[in-house]
Amino acid sequence: MLLRLAYLAVMNAFALLRLLPMSDRDKDVEILALRHQITVLERQLGNDRPRFDPSDRAFLAALLHRLPLNVLRRLRLLVRPDTILRWHRDLLARRHAAQSRPKRPDRPRTVHSIRALVLRLARENPDWGYRRLHGELLVLGIKVAASTVWEILREAGIDPAPERACSTWADFLRSQAEALLACDFFETVTLTGARLYVLAVIEHANRRVRVRTRPPRG
């Protein structure tokens with residue numbers, strides 16, 4: 001449309017230059033000839049309405065919209081003067097809509113800290129998929145969409161849904177070491193002959209042992 005509109009503007013500019021050396025009488029004769037040709041064209045069309053493409057509408061609207069309505073009604077046009085004015089209003093509306101359109105219509109980019117956290121969780125837990133990572137973020141109070149987590153992993157070259165079959169018991173222990181405890185409960189007799197109940201707990205993260213003892217009741 002823009003290319004054709006530029007073509008029409010250039011052609012009519014040359015036509016205007018051609019009219020400059022003409023006298024008013026010659027211009028009037030040409031206008032009468034053009035009006036008569038339009039009359040012949042309307043008679044041949046009959047009931048068929050002439051069709052204008054968008055570039056024709058834009059050119060006619062820009063050319064004629066400044067003329068008063070009574071002057072437009074005296075001109076021999078293939079459309080009504082109200083149609084010309086409506087084309088001009090539509091042209092202004094499209095221009096305003098184009099200028100009001102946001103520069104980035106897509107969603108805003110996720111903040112860097114959240115992206116870094118998602119990638120850290122994915123690297124430290126290679127068997128977690130994007131659904132598990134999304135759930136962990138919600139536990140931490142970070143509200144992002146699961147599709148956003150999937151997109152972050154995909155952009156970083158990490159499989160958003162890795163196979164779980166390759167996960168081993170050692171991998172599970174390493175990933176959950178800080179939350180795992182090994183417990184044992186047993187009974188022993190001291191050197192003095194006293195009987196004690198013993199509860200021993202080992203923390204997998206640091207191998208620290210915690211012991212609680214209690215003598216039997218009664």
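Contact here means heavy atoms within 4.5 Å. The structure is a predicted model.

**Buried positions among the helices**

By that contact criterion, and leaving aside residues up to four places away in sequence, V144 touches I114, H134, L137 and V149. V144 is found in the loop between α7 (130-139) and α8 (146-155). Its relative accessible area is 15%, and because buried means under 20%, V144 counts as buried. I114 lies 30 residues from V144 along the chain, and the C-alpha atoms of the two are separated by 8.9 Å.

H88, found in helix α5 (residues 81-100), is also a buried residue, with a relative accessible area of 16%. With residues up to four places away in sequence not counted, H88 touches A61 and H65.

**Salt bridges**

The structure holds 7 salt bridges, including the following pairs.

| Pair | Closest N to O distance |
|---|---|
| R115 and E155 | 3.0 Å |

The salt bridge between R115 and E155 links distant parts of the chain: R115 is in helix α6 (residues 112-124) and E155 is in helix α8, 40 residues apart. R115 is buried, at 17% relative accessible area, whereas E155 is partly exposed, at 42%.

R120 and E124 both lie in helix α6, 4 residues apart, which is about one turn of the helix. R120 counts as exposed at 52% relative accessibility, because the cut-off for exposed is over 50%. E124, at 49%, counts as partly exposed.

Strands of a sheet pair through backbone hydrogen bonds, either parallel or antiparallel. In this model, 3 strands form an open sheet in the order β1-β2-β3, with antiparallel pairing. β1 (181-189) and β3 (209-214) stand at the edges with a single partner strand each, so one side of each has no neighbour in the sheet. On average, neighbouring strands of this sheet are turned by 20° against each other, direction ignored.

The antiparallel pairing of β2 and β3 runs over 6 bridges. The bridge partner of V198 in β3 is T213.

L199 is found in strand β2 (residues 195-203) and is partly exposed, with a relative accessible area of 36%. Together with F185 and Y197, L199 forms a nonpolar patch on the surface, and the accessible area of the three together is about 290 Å².

Terms used
Residues numbered from 1 in each chain as written. Predicted model: local features only at pLDDT ≥ 70, side-chain atom pairs only at ≥ 80, totals over all residues. Heavy atoms only, no water. Patch = residues over 30% accessible without salt bridge, like charges linked within 9 Å, V, L, I, M, F, W, Y side chains within 5 Å. Areas by Shrake-Rupley, 256 points an atom, 1.4 Å probe, with all protein chains shown as cover. Salt bridge = Lys/Arg side-chain N within 4 Å of Asp/Glu carboxyl O. Helix = DSSP H or I, 4+ residues; strand = E, 2+ residues; numbered from the N terminus. Buried < 20%, exposed > 50% of the residue type's maximum accessible area, 1.4 Å probe, protein only. Pairing = 2+ DSSP bridges. Axes fitted to C-alpha atoms, helices over the stretch in contact; angles between N-to-C directions.
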